[in-house]
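Hi,

Here is the structure I promised to pass on.

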Amino acid sequence: MTKQIWLNLPVKEVAKSKAFFSEIGFSFNEEHDTPKSTCMVIGEGKFVVMLFEEKLFTSFSHNQLTDTKTSTEVLISIDAESTAEVDELARKVKQAGGTVFAPPSESQGWMYGCGFADLDGHRWNVLFMDFSKLS
């Protein structure tokens with residue numbers, strides 16, 4: 001049965017996307033890099049996000065790309081270890097050229113997070129969850 005799952009995202013320029021995600025603290029498995037793609041690795045479980053230049057992406061998706069300026073196809077959520085980590089990631093995103101569309105704030109009394117868009121408009125959500133406050 002299935003052993004792994006990975007996410008494929010279209011990007012305009014792999015080098016610029018790799019630089020953006022590196023600047024905000026993500027890592028890469030460079031042995032899987034090609035001139036038109038890169039393998040980003042997230043978290044302890046080493047979740048793979050493949051970044052493919054748009055033309056290559058559409059060659060195997062056989063579909064048009066979503067216009068990330070006007071619509072959202074997926075919200076990618078990642079965890080944080082503290083509220084300070086959420087704040088720091090939001091700062092790094094801005095510094096690296098991304099957009100924070102939902103500034104860091106508390107939600108539902110037990111979560112603290114923010115939402116950001118990467119250079120290609122893909123939306124990400126980072127959350128610190130304090131389950132001790134969950135009622």
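Leu9 sits opposite Leu51 of E4. That pair belongs to E1 and E4 (residues 47-53), which run parallel and are joined by six bridges. Bear in mind throughout that this is a predicted model.

E1 and E4 are part of an open, four-stranded sheet with mixed pairing, in the order E1-E4-E3-E2. At its edges are E1 (6-11) and E2 (27-28), each of them pairing on one side only.

Two helices lie across strands of this sheet. H1 (residues 14-23) lies across E1, E2, E3 (37-42) and E4, at about 145 degrees to E4. H2 (residues 54-61) lies across E1 and E4, and its angle to E4 is about 105 degrees.

E6 (residues 99-107) and E7 (residues 111-117) are antiparallel, with six bridges joining them. One of the pairings puts Ser107 with Met111 in E7.

Now the packing. In soluble globular proteins, nonpolar side chains tend to be buried together. Here the largest nonpolar core has 26 residues, and the ones touching the most other members are Phe21, Ile24, Phe26, Met40, Phe116 and Trp124. Elements giving two or more residues to this core are E1, H1, E3, E4, E5 (75-79), H3 (83-96), E7 and E8 (123-129). H3 supplies the largest share, five residues.

Which residues does Ile24 touch, leaving aside those up to four places away in sequence? They are Leu89, Lys92, Val93, Ala96 and Phe116.

Last, the cysteines. Why does Cys39 count as buried? Its relative accessibility is 3%, and buried means under 20%. Cys114 counts as buried too, because its relative accessibility is 2%. A disulfide would be a covalent bond between the sulfur atoms of two cysteines, but a search of the whole structure turns up zero of them.

Over to you!

How values were computed:
Residues are numbered from 1 along each chain as its sequence is written. This is a predicted model: local features need pLDDT of at least 70, side-chain atom pairs count only at pLDDT 80 or more; totals for chains, interfaces and linings use all residues. Side-chain values use heavy atoms; hydrogens and water are left out. Two strands pair if DSSP finds at least two bridges between them. Contact means heavy atoms within 4.5 Å. Axes are lines fitted to C-alpha atoms, for helices over the stretch in contact, and angles run from 0 to 180 degrees between N-to-C directions. A disulfide is a pair of cysteine sulfur atoms within 2.5 Å. Buried means under 20% relative accessible area, exposed over 50%, partly exposed in between (1.4 Å probe, protein chains only). A nonpolar core is a set of buried Ala, Val, Leu, Ile, Met, Phe, Trp, Tyr and Cys residues joined through side-chain atoms within 4.5 Å.
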